[in-house]
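Please open the model in your viewer and keep the selection tool at hand. The tour below moves from one selection to the next.

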Amino acid sequence: MTKNDLVEAVYFKSDCEKYLIQDIIEKFLKEVKKSLENGSTIELRGFGTFEPRLRKGRKVARNPKTGETLSVAPHYVAAFRAGQELRENIAKLDVSNNK
């Protein structure tokens, strides 16, 4: 699902104008991004948590494309942890309908 697909889905389920929905989604994502960039955790109850997570550095790493050996400094990555309700609902997905 893309951002446009999300806008369309909300549009068809609400009485709001499409441009308003698009604006709200853009602002929501911008705030999530800004919070992560500031080191904050965003908890959406019943859905999950977005958080900056520190990845350990490595003295020896390899560029898979060139094979070049290099070192990687510790750095932060954006991580998502699904909430219990979402995990339970995803676990119920039909595995025979795998794409």
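Contact here means heavy atoms within 4.5 Å. The model is predicted, so that local features need pLDDT of at least 70 and side-chain atom pairs count only at pLDDT 80 or more, whereas totals for chains, interfaces and linings use all residues. Residues are numbered from 1 along each chain as its sequence is written, and side-chain values use heavy atoms, with hydrogens and water left out.

Begin by selecting Thr 49, which is found in strand β2, residues 48-55 (strands are DSSP runs of E, at least two residues, and helices are runs of H or I, at least four, numbered from the N terminus). Thr 49 is buried, at 12% relative accessible area (buried is under 20%, exposed over 50% and partly exposed in between, with a 1.4 Å probe and protein chains only). Neighbours within four places in sequence aside, Thr 49 is in contact with Thr 41, Ile 42, Glu 43, Ala 79, Phe 80 and Arg 81.

Select Arg 81 next, together with Glu 51: the two form a salt bridge whose closest N and O atoms are 3.1 Å apart (a side-chain nitrogen of Lys or Arg within 4 Å of a carboxyl oxygen of Asp or Glu). Because Arg 81 lies in strand β5 (residues 75-82) and Glu 51 in strand β2, this pair ties together parts 30 residues apart in sequence. Glu 51 is buried, at 14%, while Arg 81 is partly exposed, at 44%.
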